[in-house]
Amino acid sequence: MVLLENLTSTKSRAEFRKNDIAIIPVGSTEQHGAHLPLGTDHFLARYIAREVADRTGILCTPTIPIGISDSHKQFFGTLSVKPQTLKDYVGQVCLSLKSHGIRKVVIYNGHGGNQLPLEEEARVLRSEHKLPTFVCHVVAPTLEKYVDQLFGREGEYHGAHGGAAETSLIMAMHEDLVDKNELKRAKGADKWGREVSGTVVTFDAIDFSTTGTVGLGYEGTKERGVQLLNRTIEETCSFVEWLKKTSAEELLEKPHVD
Ligand SMILES: [Zn+2]
């Protein structure tokens, strides 16, 4: 596996010369209920991005472990930065990679709250810096049906945050960090946020979930986690394989129509 932080500068030069794609794991450090570790989202991003880099031969950077978690601030241990801070930070990391020869960037994001700002930054990188950049989200939306099948339920019961899906993933990679006693009663809200007549009326997780989570964490199992992890890694690998076959020029912004 090509992990940038483990290479010497000299060895990294050889890697940058033969490789024009890099993957950057980005996550969060925030409450995930009483049963999962604060590092859940960046553990997921790091594990999956490294596995994808290993299987596809692309370069993996160090993990960015703190993201936009203001909506979890009432719970102990949550760390957060402003959206603009994350955008600037990740954007500057991407430009450093470009200066060494990287032409296409994959940001592997493990935290929902980071997604939109990262996509906004990716647009700027492509438009203003001619660096095609794409943001993958942990468990791609294309796997929704698979997740429904795997957990035998539809919709958000798997949980957008600390529910069965995320709990299973952490059990598959860091079982030692799951609090087994808390796991038995890990139950969150039915869905993320609350709306009144089509308008969202909640800001923070605590506004709609006393546990800070969504979904049935107690339905998580290591076996399901392994299956979901494998599908997620395969899905991201097939995206990277497509990216390898596509030139950076093809991925740049199109010119204005005549
Ligand atoms: Zn999470």
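Which residue forms a salt bridge with Arg50? The partner is Glu5, with the closest N and O atoms 3.2 Å apart. A salt bridge here is a side-chain nitrogen of Lys or Arg within 4 Å of a carboxyl oxygen of Asp or Glu. This is a predicted model, in which local features need pLDDT of at least 70 and side-chain atom pairs count only at pLDDT 80 or more, while totals for chains, interfaces and linings use all residues. Residues are numbered from 1 along each chain as its sequence is written, and side-chain values use heavy atoms, with hydrogens and water left out.

The structure holds eight salt bridges. Because Arg50 lies in helix α2 and Glu5 in the segment before α1 (9-18), their pair ties together parts that are 45 residues apart in sequence. Helices are DSSP runs (H or I, at least four residues), numbered from the N terminus. Arg50 is partly exposed at 25% relative accessible area, and Glu5 is also partly exposed, at 38%. These words follow cut-offs: buried is under 20% relative accessible area, exposed over 50%, and partly exposed in between (1.4 Å probe, protein chains only).

Another salt bridge joins Glu120 and Lys87, at 2.5 Å from N to O. Glu120 is in helix α4 (residues 115-129) and Lys87 in helix α3 (residues 83-99), so this pair ties together parts 33 residues apart in sequence. Lys87 is buried at 13%, whereas Glu120 is partly exposed at 41%.

The zinc ion has protein donors His32 (NE2), Asp41 (OD) and Glu166 (OE), at 1.9 to 2.1 Å. Donors are N, O and S atoms within 2.8 Å of the metal (3.2 Å for Na, K and Ca); water is not among the atoms, so sites may look incomplete. Asp41 is buried at 2% relative accessibility, and Glu166 is buried at 10%.

Methods:
Helix = DSSP H or I, 4+ residues; strand = E, 2+ residues; numbered from the N terminus.
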